[in-house]
Amino acid sequence: MTVKENLRPGGRSARVQASVHKAVRELMAEMSRAEVTIPLIAGKAGVTPSTIYRRWGDLQELLADVAVDRLRPDMQPIDAGSGKADLQAWAEQYAEEMSSGPGREMIRDVLAAQASANACKCAEFTRQQVGLIAERAKARGEAFPDVERVMDQVVAPIMYRILFSDVPDAARVRDLVSRVMGAAL
């Protein structure tokens with residue numbers, strides 16, 4: 001089952017979502033993931049379990065929705081003075097945040113969901129961040145690679161290492177950025 005978008009911006013639907021998301025975050029801080037259930041979440045959120053099942057379908061979809069909400073960037077990428085410096089600062093921060101314990105848990109939650117809509121949302125958040133860096137670089141008159149090239153040559157290797165290997169260190173991230181920026185010239 002796919003996560004349903006808010007039917008209205010605000011109103012009861014938004015209040016229910018906010019309450020359920022808050023309950024999930026609080027319960028995950030209090031107990032292990034294996035102990036968290038939809039009835040516990042519903043009780044803490046002040047809604048019925050059927051409300052959660054109707055909106056999210058199952059626990060994994062709900063956890064993925066909460067993870068996506070937490071993975072949404074809350075600020076624009078740092079302006080470090082050049083496209084390469086901006087991308088390098090962003091990529092190092094991205095690698096650090098995504099490879100942290102909470103970052104890995106959120107990635108696992110998003111990927112464990114049956115529907116791919118949440119994973120697509122995460123990819124779009126990343127594209128938007130890289131797009132902002134690209135726009136700034138182009139406004140400065142700098143050459144900057146296509147956003148999809150950055151996704152393929154910087155973001156994908158970082159994510160692959162986070163999922164299947166060791167945490168990519170800063171030197172590895174700098175090398176990825178240098179390669180993609182060199183190709184943009």
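Contact, as the word is used in these legends, means heavy atoms within 4.5 Å. The structure is a predicted model, in which local features need pLDDT of at least 70 and side-chain atom pairs count only at pLDDT 80 or more, whereas totals for chains, interfaces and linings use all residues. Residues are numbered from 1 along each chain as its sequence is written, and side-chain values use heavy atoms, with hydrogens and water left out.

**Figure 1**
Gln129 lies in helix H7, where helices (H or I, at least four residues) and strands (E, at least two) are DSSP runs numbered from the N terminus. Because its relative accessibility is 10%, Gln129 counts as buried; buried means under 20% relative accessible area, exposed means over 50%, and partly exposed is in between, with a 1.4 Å probe and protein chains only. Leaving aside neighbours within four places in sequence, Gln129 is in contact with Pro73, Met75, Gln76, Pro77 and Trp90.

Arg136 has its place in helix H7, which runs over residues 117–139, and with 18% relative accessibility Arg136 counts as buried. When neighbours within four places in sequence are left aside, the residues in contact with Arg136 are Gln76, Pro77, Ile78, Asp79 and Asp86. Arg127 is also found in helix H7, but Arg127 is partly exposed, with a relative accessible area of 26%. With neighbours within four places again left aside, Arg127 is in contact with Val147, Glu148 and Met151. Arg127 and Arg12, which are 115 residues apart in sequence, lie 31 Å apart in space, C-alpha to C-alpha.

**Figure 1. The packing of helix H1 against helix H2.**
Two packed helices are described by the angle between their axes and the distance between the axes. Here the axes are lines fitted to C-alpha atoms, for helices over the stretch in contact, and angles run from 0 to 180 degrees between N-to-C directions. Helix H1 (residues 11–30) packs with H2 at an angle of about 120 degrees, the two axes being 8 Å apart. The crossing in which H1 passes H2 is right-handed; a crossing is left-handed if the near helix is turned anticlockwise from the far one by less than a right angle, and right-handed if clockwise. On the H1 side the contact involves Ser19, Val20, Ala23, Val24, Glu26, Leu27 and Glu30, which meet Leu40, Ile41, Lys44 and Ala45 in H2. Divided by class, this contact of H1 with H2 has 7 nonpolar, 1 polar and 3 charged residues, where Ala, Val, Leu, Ile, Met, Phe, Trp, Tyr, Cys and Pro count as nonpolar, Asp, Glu, Lys and Arg as charged, and the others, Gly among them, as polar.

**Figure 2. The packing of helix H2 against helix H3.**
Helix H2 (residues 38–45) and helix H3 (residues 49–56) pack at an angle of about 110 degrees, and their axes are 8 Å apart. H2 and H3 are therefore roughly perpendicular to each other, given that angles under 35 degrees count as roughly parallel, over 145 as roughly antiparallel, 65 to 115 as roughly perpendicular and the rest as oblique. The crossing of H2 and H3 is right-handed. In H2, Ile38, Pro39, Ile41 and Ala42 meet Pro49, Ile52 and Tyr53 of H3, and the residues of this contact divide into 7 nonpolar, no polar and no charged. According to an unreviewed UniProt entry, the annotation "DNA-binding region" covers residues 37–56; such annotations may be inferred rather than shown by experiment, their feature names are shortened, and their positions are given in the numbering used here. Over residues 37–56 the chain is 80% helix and 0% strand, with the end C-alpha atoms 13 Å apart.

**Figure 3. The packing of helix H6 against helix H8.**
Helix H6 (residues 101–112) and helix H8 (residues 147–164) pack at an angle of about 95 degrees, with 11 Å between their axes, which makes H6 roughly perpendicular to H8. Arg104, Ile107 and Leu111 of H6 make the contact with Met159, Ile162 and Leu163 of H8. The residues of this contact of H6 with H8 comprise 5 nonpolar, no polar and 1 charged.

**Figure 4. Ala115 in the loop between H6 and H7.**
Ala115 lies in the loop between H6 and H7 and, at 15% relative accessibility, counts as buried. Although Ala115 and Gln60 are 55 residues apart in sequence, their C-alpha atoms are 10.0 Å apart in space.
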